[in-house]
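Student: I have a structure to look at and would like to learn how its features are read, one after another. Could we go through it together?

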Amino acid sequence: MSVTLDRTEPKQAGPVPPQAVPLLELRKATKEFRGVPAIKDIDFTLMQGEIHAIVGENGAGKSTLTKAFAGVHRLTSGEMLIDGKPLVMQSPADALGAGIAMVFQETMLVPSMTVAQNIYLGEEKLYNRLRGLYIQAQQFLAGMNFAVNPTAQVSTLGAAQKQMVEIARAVHHKARVIIFDEPTAALTPEEKNHFFNLVRRLVVQGVSVIFISHALEEALLLSDRITVLRDGERVVTDATKNFDRERVVQAMVGRSLSSSLHGEAKRQPRPYGRKVLSVQNISSGAMVRNTSFSVFAGQITGLFGLVGAGRTEMMKVVAGVLKRDLFDGGEIRFLGRSVRYRIPRPAVRDGIVYVTEDRKVEGFFETMSIAGNIYTGKLATGSNPLSLVSMGEARRLAKTWIDGMKVRAIDPGARIIELSGGNQQKVVIAKALVQAPKLVIFDEPTRGVDVGAIVEIHQFINKLADDGFAVVVISSYLPEIMAMADRVLVARQGKIVEEMGIDEATEEKIMYAAVH
Amino acid sequence: MFAAIQGALDVFLGRGEAAVTVPVMDGPLKPNRALDAARSIASAPALDNLLPTAAGLCYTSGPALLTLSGETVARFEHAITFAAAGPDGTVALGLEGGGIALHGGARNGKRMQPARGPLGCLTSAVFVDANTLLVAQGSVAHPAEQWRHDLMQRGRTGAIWRIDLDAGESTLLRGKLAWPCGLAVANDGRLYVAESWRHRVLLIDARSGAGKDVALGDLPGYPARIVPARRGGYWLTFVSVRNQLVELILREPDYRTRMMAEVPEAYWMAPALSSGGSFQEPMQGSGLKQMGQMKPWAATRSYGLIVRCDAAMQPVRSWHSRADGRAHGIVSVCEDGPDLLAAAKGPGWLLRLDGVADETVGAAP
């Protein structure tokens, strides 16, 4: 995706010479969860007034690293230094005290309070004079050149303005380092330009920025240096001018992606098969609003949308995971028959399965074995309620699927929680496919999955479509949509607003539809 | 019994058959402007029934059968409602209230008024062999030109007849159909029937009329004629498309009764072959007119739509004239070499779509 940046405001401050003491430094930082390293031996430096981008695929360790900076995670080994002095953090409050603030993708503001109240949250006095607070906030915001009304309720603000408030709050807490986690995911192109200008202004004021983004072009355009992580390890750190997209991508995945992962965007889609699913004017709560779309057999239908666009909710309604209110209207026809599922079981019986985006909460039973989890999927069809549970059958079934999906596990009796994210996801997929579906809905199928498993999961999904299954892939990662989908549906504000074949789709077109 | 209870519940809850929803036109039915971009090569009032004859490609206009250059091949005392070409060069023509006329071939000039068969509202026909004609009768209650009356009264009186041309005998194959108006013989010898008011294409036995298979259902429009394509599959035309307001009105008998009694037919809130000709028409593009320009996605009474289907009658590609277009009411198509000719009955245009008949269509999985 190319993002047009407003270059009218050039950077006035860059990184200071390398001989200076880094503002923030990590030495041989390792963080393990249950003995599995999420990041390993990471060396990282952030200079005064620098914008440092951290990029990497899902599961590369970006979040763990930044949460270590923000005091959310404590390092298992290694050390962190600020101004060259060791820093031990026990909590996020310690990080804030050291001048490190984090702005999350989903803002952490109190929506029912005003902008000023959010900025000064936690500093309330016994008697609070709102007028004085507003004047103070007005001056503070004006000083940062932020055009936000301090009396406005946060829930009425757009995504970019909310981020401004987050930034203002961080600066108010005298943050010297601000970490942005996917800050542009929910922004319109105009808001994005505005955000980039804000970041540049912060740098001019001496703040250092750590910037995490999936959009490589943004990292390439905005940052001074880029660090690439892969499988929890630092692959390379270099000045941005020494990078181009291909080099970043190669560093991220360890090889060129052009043929395996996210390549061949412009390609011929698979032909349309029978219409398997016809959703007509359905609504559900505030998240699905009078939306209509179809899904065809033998194709992968990509469903893209920004956070809050209602993609997941639409498909959960289809699969009976979310109950559709009787009087919300609309109709869902599956294989020509009008259906209304109140629970997933009849949907599963009819042939619809939904592979959740949150596998840890909804995808598997973490105390059960691989075989037990896959067998649970089989039992959920309720094909024979009088049959006895057979662990022998469970093991046979698991063996078949472990081999078929190349799950890396010692044996089917191993506990699923002991597997890596990618292998857990394969088991979740196996648990769904054992139900012999006709329509498979994958919600963020490669979220938190290692790169090797991503390729395998993509190949598996492609094979499903080749075999004539109707497949829906929900993804917020555009390259994944471009690589997988035969046709792309774009969701915005609870509706499908655009449809395009992959031969006519571009990332720009899709993103434009998602935000306009 | 259970179906009756289910039906009553559906009506109460506005779901299933009683839902006022309309399937979205996406996938192979994704709208475009291809019909508006097509060349108009001729025009005639009520232009319909494109077919190949011994005199070349012909069309009908009212009671006349004409060549593409406008020469009259035959003229009758009644309006022609269907035309079908037989394997021996015979052309069967349905005449409103006048039975069936045979033109050309061994039976040239023969007229048929089957004693037990259909007399009026003959919407489509197809030859099974040189002696057997299958005829679709849209309705027993209304003539063909009153198709909107039949729709608004939710007519279910259509039928398929099998006619022995030598003996002049007719056999009822299937009754209680909701305006059948397109017939085509499938590869396996069965018969495709476009049942307009139920928005579907049925697949029935061509000898007995038995069979419940819905080859293509839940369509977003009112299907009309089905024409086999030379490169495999079929061409399916549509009278117009459905919209939610009409679907709602079709579930409101009192409203429809008053509308039909008090409002001139041209201004009914019902599908039409063309629209936008008068400010008195309902909807006016549902108000989606800005700076004097109709928005293409506006709800509309008339629409132009041709769908290319594969051999299993699954849509593969489509050609559209949307709310802001004028090539509406496409009721008949015919291949002319690599091109496709389409009769837009609304404006009375004969359109030529260059090269589309030469496209190969693969079978759907």
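Student: Which residues does Gln153(B) touch, not counting residues up to four places away in sequence?

Tutor: Bear in mind throughout that this is a predicted model. With those sequence neighbours left out, Gln153(B) touches His142(B), Arg256(B) and Met260(B). Gln153(B) itself is found in chain B, in the loop that runs between helix H3 (147-152) and strand E12 (158-164).

Student: Is Gln153(B) buried, partly exposed or exposed?

Tutor: The class follows from the relative accessible area, where buried means under 20% and exposed means over 50%. Gln153(B) has a relative accessibility of 45%, and therefore counts as partly exposed.

Student: How far apart are Gln153(B) and Ser43(B), in sequence and in space?

Tutor: Along the sequence 110 residues separate Gln153(B) from Ser43(B), and from C-alpha to C-alpha the two are 32 Å apart in space.

Student: Now to chain A: what does it contain in helices and strands?

Tutor: Chain A has 17 helices and 20 strands, and of its 516 residues 55% are buried. If we take the contacts in chain A between residues at least 6 apart in sequence, 68% of them join residues at least 24 apart.

Student: How many residues of helix H9 of chain A are buried?

Tutor: Helix H9, residues 311-318 of chain A, is mostly covered, with seven of its eight residues buried. The buried ones are Arg311(A), Thr312(A), Met314(A), Met315(A), Lys316(A), Val317(A) and Val318(A). After H9(A) comes Gly320(A), which has a positive phi, near 80°.

Student: Which residues other than glycine have a positive phi here?

Tutor: The general idea is that most residues other than glycine have a negative phi. Asn290(A) lies in strand E12 of chain A, residues 288-296, and because its relative accessibility is 36%, Asn290(A) counts as partly exposed. Another is Leu335(A), where phi is positive and near 55°. Leu335(A) has its place in the loop of chain A between strand E14 (331-334) and strand E15 (337-339), and with a relative accessible area of 47% Leu335(A) is partly exposed.

Student: At what angle do helices H12 and H14 of chain A pack?

Tutor: Helix H12 (residues 370-380) and helix H14 (residues 421-433) of chain A pack at an angle of about 30°, and their axes are 7 Å apart. Angles under 35 degrees count as roughly parallel, and H12(A) and H14(A) are therefore roughly parallel to each other. The crossing in which H12(A) passes H14(A) is right-handed. On the side of H12(A) the contact is made by Ile370(A), Asn373(A), Ile374(A) and Gly377(A), and on the side of H14(A) by Val427(A), Ala430(A) and Lys431(A). By type, the residues of this contact of H12(A) with H14(A) are four nonpolar, two polar and one charged.

Student: What is the area buried between chain A and chain B?

Tutor: In general, the size of an interface is often given as the accessible area lost when the parts come together. Between chain A and chain B the buried area is about 1800 Å², and carbon and sulfur atoms give 48% of it. In chain A, the residues that lose the most area to chain B are Tyr272(A), Arg274(A) and Glu499(A), which together account for 28% of what that side buries. Counted by contacts, 25 residues of chain A meet 21 residues of chain B.

Definitions and conventions: Residues are numbered from 1 along each chain as its sequence is written. Chains are lettered from A and ligands numbered from 1 in the order in which they are written. This is a predicted model: local features need pLDDT of at least 70, side-chain atom pairs count only at pLDDT 80 or more; totals for chains, interfaces and linings use all residues. Side-chain values use heavy atoms; hydrogens and water are left out. Buried means under 20% relative accessible area, exposed over 50%, partly exposed in between (1.4 Å probe, protein chains only). Helices (H or I, at least four residues) and strands (E, at least two) are DSSP runs, numbered from the N terminus. Axes are lines fitted to C-alpha atoms, for helices over the stretch in contact, and angles run from 0 to 180 degrees between N-to-C directions. Angles under 35 degrees count as roughly parallel, over 145 as roughly antiparallel, 65 to 115 as roughly perpendicular and the rest as oblique. A crossing is left-handed if the near helix is turned anticlockwise from the far one by less than a right angle, and right-handed if clockwise. Contact means heavy atoms within 4.5 Å. Ala, Val, Leu, Ile, Met, Phe, Trp, Tyr, Cys and Pro count as nonpolar, Asp, Glu, Lys and Arg as charged, and the others, Gly among them, as polar. Buried area is the accessible area (1.4 Å probe) that two parts lose on being put together, summed over both.
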